[in-house]
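The points are grouped by topic.

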Amino acid sequence: MTHSPRLVSFLLTVVLLPCAAVMAMYSPSAAGSPAPGALPSHSLQSVPSGQSPQAVTTVLRAATILDGTGLTLTDRDIVVRDGRIEAVVPAGEGRGTALYEFDQITLLPGLIDTHVHMEWHFDRSGKLRSRAVEETPEEAILYVAENAWVTLQGGVTTVQSVGSRSEAALRGAIERGLLPGPRILTSLGSIGGRNATPDELRSRVAQFAERGADVIKVFASASIRVGGTPTLSQEQLDAICGEARARGLRVVVHAHGPVSAQRTALAGCTAVEHGALLDRETLELLAERGLYYDPNIDLIFRNYFENKDRYLGIGGYTEEGFEQMRQAVPKALAVFQEALTVPGLKIVFGTDAVAGAHGRNYQELVYRSREGGQPPMDTIVSATSLAAESLGMDGEIGSIAPGLAADIIGTDGDPSRDITALGRVRFVMKGGRVYRNDPAQRQ
Ligand SMILES: [Zn+2]
């Protein structure tokens with residue numbers, strides 16, 4: 001018999017009964033009810049229609065909880081109410097109307113991927129979406145909704161998408177609470193502007209701000225497929241990041257080589273994305289200036305190689321470009337390993353997930369730890385509390401603490417001991433709602 005996770009809903013009970021008594025009443029064998037995995041949204045269905053599902057108080061009882069800041073808690077109840085974590089108390093002390101009990105499943109904050117492209121998808125030809133195949137906006141947005149679904153099911157409860165216009169509609173639909181997907185922050189597009197004047201760049205930032213962008217995305221270097229050389233001057237980056245700061249917006253900057261990343265740091269932008277060719281001096285400058293560094297060292301490459309036929313011949317995807325990427329893999333790994341030795345450098349989780357990569361964001365984390373040598377707990381922190389801080393949302397998401405949104409996932413096994421457990425997501429709660437609840441596999 002499987003014991004975890006167990007979902008027990010007893011709305012008529014005001015006071016939570018001791019665990020053993022509840023189990024006797026509600027365990028599948030005793031009550032003859034379906035297996036726990038067959039009740040993935042029982043707590044939602046139990047709520048009378050028209051009533052917010054968050055109105056119930058849910059208790060998540062777990063033997064092992066990673067809080068997202070690097071601490072491991074044992075035998076606790078997480079009390080969830082109105083979509084938020086109300087309390088974390090010793091197991092058995094939580095009071096609520098629904099109980100989920102986990103033993104083999106480890107709970108941790110939902111993962112936060114700070115660099116995805118939610119819109120990217122393969123079209124009905126099976127290849128990367130391009131103008132070669134006609135696609136209606138309705139078809140396109142459904143592909144994006146699929147990306148959102150698989151991302152959430154993979155344990156990622158927040159993404160920063162960098163980004164396209166259609167993501168405003170996606171963000172709105174998910175916020176309304178019925179379309180399942182991660183919380184979406186989007187840049188709604190990006191700024192390149194190689195030949196633009198500083199004034200023109202400032203007005204581009206203003207346009208994105210007025211359209212409701214959560215963040216500004218800038219290209220300050222060429223793609224790694226063509227060498228990653230700088231494409232914006234210091235003056236241009238100063239204009240963009242200065243204007244964004246004045247508007248309270250963060251700026252994440254695509255920069256592969258040292259020069260573009262140094263300019264990014266000196267301009268006071270928020271984060272360097274990719275940085276596959278950085279040197280130690282530049283990494284130290286990022287640390288000194290408090291920038292976040294978002295290396296993408298595995299999933300982006302792995303996915304391109306696995307799906308080469310679906311990309312080749314479209315846009316800039318050429319044989320030469322693929323060769324450049326193959327050569328970049330060991331370089332990106334070496335830069336990451338160097339970055340790990342730079343004191344105070346804030347390395348955050350971002351995958352650069354494009355078509356084919358959505359839903360397996362965790363693979364980047366496994367690689368960072370196993371091949372890169374980052375301790376698993378640090379890897380987890382980079383994808384939870386540190387990622388939240390980089391988004392300016394550390395008071396809202398990224399750790400398991402009272403007052404924060406109840407974005408909590410469960411993995412089969414403890415990822416701080418075995419990082420591959422991140423690939424075995426069995427439970428997903430976002431904002432207090434349960435979107436996934438599979439039984440653990442008994443070994
Ligand atoms: Zn990207």
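**Briefing**

Asp82 is placed in the loop between S3 and strand S4 (84-90). The model is a predicted one, in which local features need pLDDT of at least 70, side-chain atom pairs count only at pLDDT 80 or more, and totals for chains, interfaces and linings use all residues. Residues are numbered from 1 along each chain as its sequence is written. Helices (H or I, at least four residues) and strands (E, at least two) are DSSP runs, numbered from the N terminus.

**Surroundings of Asp82**

- Asp82 counts as partly exposed because it has 13 C-beta neighbours inside 10 Å. A residue is buried if 20 or more other C-beta atoms lie within 10 Å of its own, exposed if 12 or fewer, and partly exposed in between, with C-beta atoms placed from the backbone.
- Asp82 and Gly432 are 350 residues apart along the chain, and their C-alpha atoms are separated by 6.9 Å.

**Strand S2 and its partners**

- Strand S2 (residues 57-66) is mostly covered, with eight of its ten residues buried.
- Nine bridges pair S2 with strand S3 (residues 72-81) in the antiparallel sense; two strands pair if DSSP finds at least two bridges between them.
- Ile78 in S3 is the bridge partner of Leu60.
- Five residues lie between S2 and S3 in the hairpin that these strands form, and Gly68 in the turn has a positive phi of about 95°.
- S2 is also joined to strand S5 (residues 98-109) by seven bridges, and these two strands run parallel. Leu99 in S5 is the bridge partner of Val59.

**The five-stranded open sheet**

- An open sheet with parallel pairing is formed by five strands in the order S9-S10-S11-S12-S13.
- Strand S9 (215-219) and strand S13 (346-347) stand at the edges with a single partner strand each, so one side of each is left without a neighbour in the sheet.
- S9 pairs with strand S10 (residues 250-255) in the parallel sense over five bridges, and Val251 in S10 stands opposite Ile216.

**Packing of helices H6 and H7**

- Helix H6 (residues 198-211) and helix H7 (residues 234-246) have axes that come within 8 Å and cross at roughly 30°. Axes are lines fitted to C-alpha atoms, for helices over the stretch in contact, and angles run from 0 to 180 degrees between N-to-C directions.
- H6 and H7 are therefore roughly parallel to each other (angles under 35 degrees count as roughly parallel, over 145 as roughly antiparallel, 65 to 115 as roughly perpendicular and the rest as oblique).
- The contact involves Pro198, Leu201, Arg202, Val205 and Ala206 of H6, together with Glu235, Gln236, Ala239, Ile240, Glu243 and Ala244 of H7. Two residues are in contact if their C-beta atoms, placed from the backbone, lie within 7 Å.

**Backbone features**

- Most residues other than glycine have a negative phi, and most peptide bonds are trans.
- Asp75, which lies in strand S3, is not a glycine, yet has a positive phi of about 50°. Asp75 is partly exposed, as 13 other C-beta atoms lie within 10 Å.
- His274, found in strand S11 (residues 271-274), is likewise not a glycine and has a positive phi of about 75°. His274 counts as buried because it has 29 C-beta neighbours inside 10 Å.
- The peptide bond from Val162 to Gly163 is cis, with omega near -25°. Gly163 is in the loop between strand S7 (156-161) and helix H5 (167-176).
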